[in-house]
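Below are my notes on the model, as numbered points. Please read them alongside the coordinates.

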Amino acid sequence: MSFPKITKADQKIITDKWNKYFDEMAVYKPMWLMRIIDPLLIGLCLEIRSDKSRYYPRIFLHNLARRREDITFDFSLTKSTCIISSVSREDRVTKIMAELKNNSLIPVEGDINYKEFVDNLKLYCKRAYGVEQLSILRILFYLESWMNEGKVEEIEKYSKQILGQGKIITTKSDQDKWIKEEKDRVLSVDELRKNVYHEKQKWNLNTLPHRRFI
């Protein structure tokens with residue numbers, strides 16, 4: 001069954017509709033809502049499928065403490081396979097909105113408890129696979145360094161446990177090498193702060209809603 005294609009005008013209507021429901025985020029561009037919790041950017045991407053008639057909503061994290069060529073998904077916080085067509089019923093869209101808002105591992109509203117945030121990411125990491133698992137561990141290294149003035153003992157210990165499962169890096173020597181490289185990247189908190197400042201300026205993110213860890 002084919003559906004009408006989602007036009008530019010449709011994208012604005014869809015974006016505004018989601019923004020009313022996720023009102024602690026702001027529109028970054030059509031089909032993208034964002035907020036910042038330093039040093040992370042939390043985004044809601046309404047990704048249009050290749051047929052241009054359907055879109056797939058997902059909540060993702062992006063690490064601002066690493067300089068990039070683009071704003072990309074470090075990893076998605078949603079495993080939902082919900083696809084919304086250009087003719088989906090209003091009640092179905094509202095149900096999907098509620099599921100994303102209430103079931104995300106990362107709260108999309110209010111201040112965020114740092115310990116709960118980290119515990120949730122660790123739980124997510126345990127059931128992740130492949131490169132996604134490394135992406136989560138990498139964010140945890142940056143986050144712990146940011147919050148603890150360069151100290152990363154807890155995530156270093158946790159990384160040894162996760163990588164010891166052998167899902168993605170099979171030998172202990174390679175696991176130790178990966179952990180050392182990540183640890184070295186986050187030693188300078190001043191450098192991480194410079195990176196966050198640079199990325200916010202580069203991508204015009206300063207006007208986005210900012211929240212904090214508590």
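1. Helices (H or I, at least four residues) and strands (E, at least two) are DSSP runs, numbered from the N terminus. This is a predicted model, in which local features need pLDDT of at least 70, side-chain atom pairs count only at pLDDT 80 or more, and totals for chains, interfaces and linings use all residues. Residues are numbered from 1 along each chain as its sequence is written, and side-chain values use heavy atoms, with hydrogens and water left out.

2. Arg89 lies in the loop between strand S6 (84-85) and helix H2 (90-103). Arg89 is exposed, at a relative accessible area of 59% (exposed means over 50%, buried under 20%, partly exposed in between; 1.4 Å probe, protein chains only). From Arg89 to Asp10 the C-alpha distance is 15 Å, with 79 residues of sequence separation.

3. Strands S1 (residues 26-29) and S2 (residues 32-37) pair in the antiparallel sense over three bridges; pairing requires that DSSP finds at least two bridges between the strands. Lys29 stands opposite Trp32 in S2. The two strands form a hairpin with two residues between them, and Met31 in the turn has a positive phi of about 75°.

4. Helix H6 (residues 172-185) has 14 residues, which at 1.5 Å a residue should span 20 Å; the end C-alpha atoms are 20 Å apart, in agreement. The expected span is 1.5 Å times one less than the number of residues.

5. Which residues of H6 are buried? They are Gln175, Trp178, Ile179 and Glu182. These cover an arc of only 95° around the axis, which puts them on the same side of H6 (the arc is that of the directions from the helix axis to the C-beta atoms). The face turned away from the buried side of H6 carries the exposed residues Ser173, Lys177 and Lys180.
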